Amino acid sequence: HKDGGREGVKRPAPHKDGGRGREEPEAHSGSSAGLGQRENAQGGAGPGMKLGRAALGLLLLAPLAVRAVEPISLGLALAGVLTGYIYPRLYCLFTECCGQKRSLSREALRKDLDGKLFGQHLAKKVILNAVSGFISNPKPKKPLTLSLHGWTGTGKNFVSKIIAENIYEGGLNSDYVHLFVATLHFPHASNITLYKDQLQLWIRGNVSACARSVFIFDEMDKMHAGLIDAIKPFLDYYDHLDGVSYQKAIFIFLSNAGAERITDVALDFWRSGKQREEIKLKDMEAALSVSAFNNKNSGFWHSSLIDRNLIDYFVPFLPLEYKHLKMCIRVEMQSRGFEIDEDIVTKVADEMTFFPKEERVFSDKGCKTVFTKLDYYYDD
């Protein structure tokens with residue numbers, strides 16, 4: 001799926017042996033996942049690195065002692081220094097390492113949001129400030145927890161993809177970014193106890209391997225009620241749980257719950273002649289949390305994550321208008337290497353359906369089917 005960043009969806013699985021290589025558990029089996037070995041919070045080489053630096057310092061500061069050492073012994077000592085000091089850096093030149101992107105660029109994230117996400121002034125502002133502020137904080141008190149709400153095709157999945165790409169080069173394909181899809185990974189209500197155990201093991205194992213792990217939970221509105229509460233301890237204000245710190249991890253939830261409330265607010269502004277950019281986060285954030293909490297068809301129904309205020313931001317994604325669809329179409333044309341043809345842009349946009357029935361203001365599928373409709377006009 002090109003829209004919503006569904007490309008390269010991986011089955012979540014725990015890292016083993018410090019995160020080098022992952023094995024997937026049997027689907028819905030009772031086997032538990034192994035826990036990964038912990039690395040330091042920055043994803044560096046750990047004690048070996050520190051030992052290498054110390055040894056190098058001793059060699060540099062004691063030239064007379066070095067000369068007195070037999071050539072073979074000296075060679076072994078230098079080999080140990082080089083292995084501890086240089087090898088981790090060389091290794092990370094050829095493969096992805098935890099925390100490899102040491103600092104997130106706020107401007108790069110802003111550029112991606114401005115150039116790829118349309119009609120979502122609220123989401124842009126919240127995501128930019130929340131993510132960049134969290135990454136730049138060396139000692140956060142808790143993991144960053146974002147809950148994205150809105151109709152399908154409004155950009156929730158796409159934003160999670162942008163966030164992943166700005167933290168790790170591999171984006172959604174990174175070994176440190178984990179996507180859970182409710183209907184794929186947790187399909188049977190009868191297995192909820194097993195799912196809770198597996199979910200805790202998966203998260204613990206991956207955070208043990210990389211403190212800066214990113215977890216994305218899609219289709220929260222289809223998740224079995226009570227399941228997500230299994231991760232509540234990981235989102236709370238704990239320095240460590242059984243020797244593992246979760247404070248640098250990021251959790252992102254995607255849901256359609258509350259979309260009706262978002263549409264009502266957007267429609268009221270439109271009918272009163274106000275610009276959608278005048279909508280403030282305070283106009284709907286509280287209503288979103290209440291809507292998700294009281295929705296029996298939502299994975300957040302009566303969830304302790306909401307009750308304990310462990311979700312940092314409820315981010316509304318507004319329904320898209322006709323002009324926003326055209327923006328999506330133009331960007332897709334450019335991504336395929338085509339020159340922008342405004343006649344085709346208009347034809348594709350006119351084929352979309354809109355609601356409410358009388359006013360026809362908002363696209364009922366957002367930009368989700370724009371990409372497949374373009375295939376009709378560029379079919380070889």
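K156 touches L148, H149, G150, W151, L254, S255, N256 and F317, leaving aside residues up to four places away in sequence. A contact here means heavy atoms within 4.5 Å. The model is predicted, so local features need pLDDT of at least 70 and side-chain atom pairs count only at pLDDT 80 or more, while totals for chains, interfaces and linings use all residues. Residues are numbered from 1 along each chain as its sequence is written, and side-chain values use heavy atoms, with hydrogens and water left out.

K156 lies in helix α7 (residues 156-167). Helices (H or I, at least four residues) and strands (E, at least two) are DSSP runs, numbered from the N terminus. The side chain of K156 reaches the backbone oxygen of G150 at 2.9 Å. K156 is buried, with a relative accessible area of 5%. Buried means under 20% relative accessible area, exposed over 50%, and partly exposed in between (1.4 Å probe, protein chains only). N157 is also placed in α7. N157 is buried, at 11% relative accessible area.

In the UniProt record, an unreviewed entry, the feature "binding site" is placed at G150, W151, T152, G153, T154, G155, K156 and N157. UniProt positions follow the numbering used here, feature names are shortened, and annotations may be inferred rather than shown by experiment.

Helix α11 covers residues 259-271. It has 13 residues and reaches 18 Å from its first C-alpha to its last, close to the 18 Å expected at 1.5 Å a residue. The expected span is 1.5 Å times one less than the number of residues. The buried residues of α11 are A259, I262, T263, V265, A266, L267 and F269. Their cover includes β1 (144-149), α12 (285-294), β5 (313-316), β6 (354-355) and β7 (362-363). G273 follows α11 and has a positive phi, near 80°.

The protein has 16 helices and seven strands. Of its 380 residues, 47% count as buried. Among contacts between residues at least 6 apart in sequence, 74% join residues at least 24 apart.

The mean pLDDT, the predictor's confidence in each residue from 0 to 100, is 82 for the protein, and 75% of residues reach 70 or more.

Key:
A polar contact is a pair of N or O atoms within 3.5 Å; within protein, one must be able to donate a hydrogen and the other to accept it, and residues adjacent in sequence count only if both atoms are side-chain atoms.
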